[in-house]
Amino acid sequence: PGIATTFMRSDAAPALSNTTVTAGSYTNADITVDAQGRITAASTGTGGAVGDNPTAEVSDTAVDGTATTFMRSDAAPALADTAVIAGSYTNADITVDSKGRITSATTGTGGSAADPTAEVSDIAIPGTATTFMRSDAAPALANTTVTAGSYTNADITVDAQGRITSASNGISSTKPQASYKISTSPTPFGTASNRNVFAEGSGQVCVFNDITPVSILPSPIVGGQISSITVQTTGSYFLQFSGVLEIASGAAGNTFTLNLSNIPIATGTPVLLNSVTAEYYDNDIGFPLSITGIYNLQANDQLTLQYTDTAGNATSWRDGTAISIFAL
């Protein structure tokens, strides 16, 4: 603390008092600094770090050092040897430590080539062989339970691997169909009010044209002639009759009626399916008649086709008259 009654000029400054340090130059100085940050003592030191080459090796464990020297920036420690013997190995059996280094190695026995003995099937087969399949070999495909052979309209079973495991012959997908040609019989068969188109006169009247397959049949036989058509399979059928009825003579008002009936196997009682009626006029020599329709029939139902000639003047069906029936 001061007691002076004078004041320090604004452009003046007090001198910094000397410490006990000896002014001079110091190398690698050892110094003492007071609370005001002033050096109070200084002496030349023994020097800084001394560069040296590494002497320890990098291994799987850390190495603590005591040297006062430091590793130069362009130096690197060596990698410590493991217990493995340096050399070349074939089909090597090796041991690797936690640092990823090979610590032991021996030449292995290797694999030998062989042909496949297992088959490819729907399940995996674990192997135990020490041999390997040659690159130009292939395993055989295991047999399924299907019997090898040819099948028609086959019903098949396929497993999850896409292989056919069973097969049998199925039912033909071909729809039944048949065509019948009505013959030119010279003498009508039956009374004028109920003449059977399929059984005209004493000669062959209804003959097979195409039947694919034989599931629409002519039956039964009446007076040596076909009297009806029997379907063998339940279903819907398209039927078409087209023909020209020849007449000898006639007069106005002479009518012709064509009736298509079904005799169900269940009842045996005829059921009228369709009917067409036309009237004869003078100077007509032939009279066209036709029926077309789709009908639901049961297996073994019989179709009959009859016509009524009120005057009895019909002589025969014109050549080309036919009936066709197709399963839908």
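Strands are DSSP runs of E with at least two residues, numbered from the N terminus, and two of them pair if DSSP finds at least two bridges between them. The model is predicted: local features need pLDDT of at least 70 and side-chain atom pairs pLDDT 80 or more, while totals for chains, interfaces and linings use all residues. Residues are numbered from 1 along each chain as its sequence is written, and side-chain values use heavy atoms, without hydrogens and water.

Asp30 stands opposite Ser43 in β2. The pairing of β1 (residues 30-33) with β2 (residues 39-43) is antiparallel, over 4 bridges. The hairpin has 5 residues between the strands, and Gly37 takes a positive phi near 80° there.

## Salt bridges

A salt bridge is a side-chain nitrogen of Lys or Arg within 4 Å of a carboxyl oxygen of Asp or Glu. The count is 5. One of them joins Arg38 to Asp34, with the closest N and O atoms 3.0 Å apart.

Asp115 and Arg134 also form a salt bridge, at 2.9 Å from N to O. This pair links distant parts of the chain, 19 residues apart: Asp115 is in the loop between β9 (112-114) and β10 (131-133), Arg134 in the loop between β10 and β11. Asp60, Asp97 and Arg101 are linked in a salt-bridge network.

## Arg163

Arg163 lies in the loop between β11 (155-158) and β12 (164-168). Its salt bridge with Asp159 has its closest N and O atoms 3.0 Å apart. Both residues are buried, that is, under 20% relative accessible area (1.4 Å probe, protein chains only); the value for Arg163 is 15%.

Methods. Buried means under 20% relative accessible area, exposed over 50%, partly exposed in between (1.4 Å probe, protein chains only).
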